Amino acid sequence: MYNAGKIIAGLIIFLILVTFPVWFNLGKAATPPELQLPATEKECIEPKGFMRAKHMELVDLWRTEVVRNGKRIYVGASGRMYDMSLQNTCMSCHSSKSKFCDKCHNYVAVAPNCWNCHIEPKEGR
Amino acid sequence: MDGSRRSFLKIAGLSILGAGARPISDALAAEEGRKVSLPSRALTAKRWAMVVDLRKKCPDDCRDCIEACHGVHNVPAFDNPKDEVKWIWNEPFRHAFPGQEHEYIEERYKGRPVVVLCNHCDNPPCVRVCPTKATFRREDGIVMMDYHRCIGCRFCMAGCPFGARSLNWRDPRPFIKTQNKEYPTRMRGVVEKCTFCEERLAKGLRPACVEACKERILVFGDIEDPRSEVRELLHKHHSIRRKPQLGTMPQVYYIV
């Protein structure tokens, strides 16, 4: 092999650089986000597990039903009726976008574009 | 080996059936999971329509209906008229009804502003041309906009003969005077228009413009209901529509 020294050294440097994120973060678990839960309500529209895993599907269903089918009432798990509205229902309890929505969305690096149009509640600082 | 080939094919066939059943059962479960309904106090109709009574005259400089609508729906007020976004606005008589004005027309119609809005046509050209079905005709006749689907291609604006649709050329947020926190805004590159206040109808309220008009020039109701106020007005008085010759069948009627 010609220039074996250079090639092998280069390969080693390449491997170190490529695996850098793996060994740099080894043993350090990223802390899961802490959400600010509403103080006023104990229960969400659906059980916690469902909301965690499928809130996006729920919101998507709401959008379709409200905008395209003109239905606006959703019956929650407890039988309570909710107005299907992100701005007026979800955010009336989860009143802080930065302390609730953004926490997880930033953690998993997703950027839903809800807030391009929907108005987020004003947060007092 | 013959026997095993036979049993292999049987098992393969059964498993294909089994794999096919899963999506079907899922779809059925999803269908059952839909727990949505119409609010009980919602106003419903077979066919919503509006009557504008031009026999009554708007007070000078009255913009109550326009301001009520644009305030409720977070319609931006751009300073450049080329960017203008409007849901309901005043148009001179000769523009609202081209070909209807002549030199000797009654004094009260000469150069008079006429309030115009989306006509919620029965045969809406905007719906036909929309490539994403972002605009569609509801069962009750309202020509609705789904801003989530709009890609800003402006085919609908080219299709609409009434100029009832506006594109947000710029981000509308900074140009909204006071935000109505209960209604969303739009974003840049989205077309918007009057929706006959479908969000208010769902709450049991009449459209904002109709409620705001003190002179009761705007009347709203179910045109398929023979006892409705709109039907009564149209039955008793002579009415015209904007550009009926185009065959879009507008559902905003003007009593003259």
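Residues are numbered from 1 along each chain as its sequence is written, and chains are lettered from A, with ligands numbered from 1, in the order of writing. Because the model is predicted, local features need pLDDT of at least 70 and side-chain atom pairs count only at pLDDT 80 or more, whereas totals for chains, interfaces and linings use all residues; side-chain values use heavy atoms, with hydrogens and water left out.

**View 1. Chain A comprises five helices and two strands.** Helices (H or I, at least four residues) and strands (E, at least two) are DSSP runs numbered from the N terminus. The order along the sequence is α-α-α-β-β-α-α. The radius of gyration of chain A, taken over C-alpha atoms, is 23 Å, while a compact globule of 125 residues would have a value near 14 Å by the rule of 2.2 Å times the number of residues to the power 0.38. The C-alpha trace extends about 75 × 35 × 30 Å along its principal axes. Of the 125 residues in chain A, 27% are buried, where buried means under 20% relative accessible area, exposed means over 50%, and partly exposed lies in between (1.4 Å probe, protein chains only). Chain A carries 16 positive and 11 negative side chains, with the centres of the two sets 7 Å apart. In this count Lys and Arg are positive and Asp and Glu negative, with His and the chain ends not counted; each charge is placed at NZ of Lys, CZ of Arg, CG of Asp or CD of Glu.

**View 2. Chain B comprises eight helices and 11 strands.** With a radius of gyration of 24 Å, well over the 18 Å that the globule rule gives for 256 residues, chain B is more spread out than a compact globule. Its C-alpha trace spans about 100 × 45 × 35 Å along the principal axes. Buried residues account for 43% of the 256 residues of chain B. Its side chains include 44 positive and 33 negative ones, and the centres of these sets lie 5 Å apart.

**View 3. The largest nonpolar core contains 54 residues.** A nonpolar core is a set of buried Ala, Val, Leu, Ile, Met, Phe, Trp, Tyr and Cys residues joined through side-chain atoms within 4.5 Å. The residues with the most contacts inside this core are Met50(B), Phe196(B), Leu218(B) and Tyr254(B). Strand β4 (residues 113-117) of chain B gives the most to the core, namely four residues. Another core, of 14 residues, lies apart from it and includes Ile45(A), Met51(A), Met84(A) and Trp115(A). Contact means heavy atoms within 4.5 Å. Beyond residues up to four places away in sequence, Tyr254(B) touches several residues, among them Val114(B), Val115(B), Val116(B) and Leu117(B).

**View 4. Arg72(A) touches residues of chain A and chain B.** This arginine is located in the loop between α3 (48-68) and β1 (73-75) of chain A. Arg72(A) counts as buried, at 13% relative accessibility. Residues up to four places away in sequence aside, its contacts include Tyr82(A), Asp83(A) and Met84(A), together with Glu198(B), Glu199(B) and Ala202(B).

**View 5. Ala42(B) lies in the loop between β1 (36-37) and β2 (48-53) of chain B.** Ala42(B) is buried, with a relative accessible area of 17%. Excluding neighbours within four places in sequence, Ala42(B) contacts Leu201(B), Ala202(B) and Gly204(B). Its C-alpha atom is separated by 7.9 Å from that of Leu205(B), which is 163 residues away along the chain.

**View 6. Arg154(B) and Arg216(B) are shown in their loops.** Most residues other than glycine have a negative phi. Arg154(B), although not a glycine, has a positive phi of about 70°. It lies in the loop between β6 (143-145) and α5 (155-159) of chain B, and is partly exposed at 35% relative accessible area. Arg216(B), likewise not a glycine, has a positive phi of about 55°. It occupies the loop between α7 (208-212) and β9 (218-222) of chain B, and is partly exposed at 40% relative accessible area.
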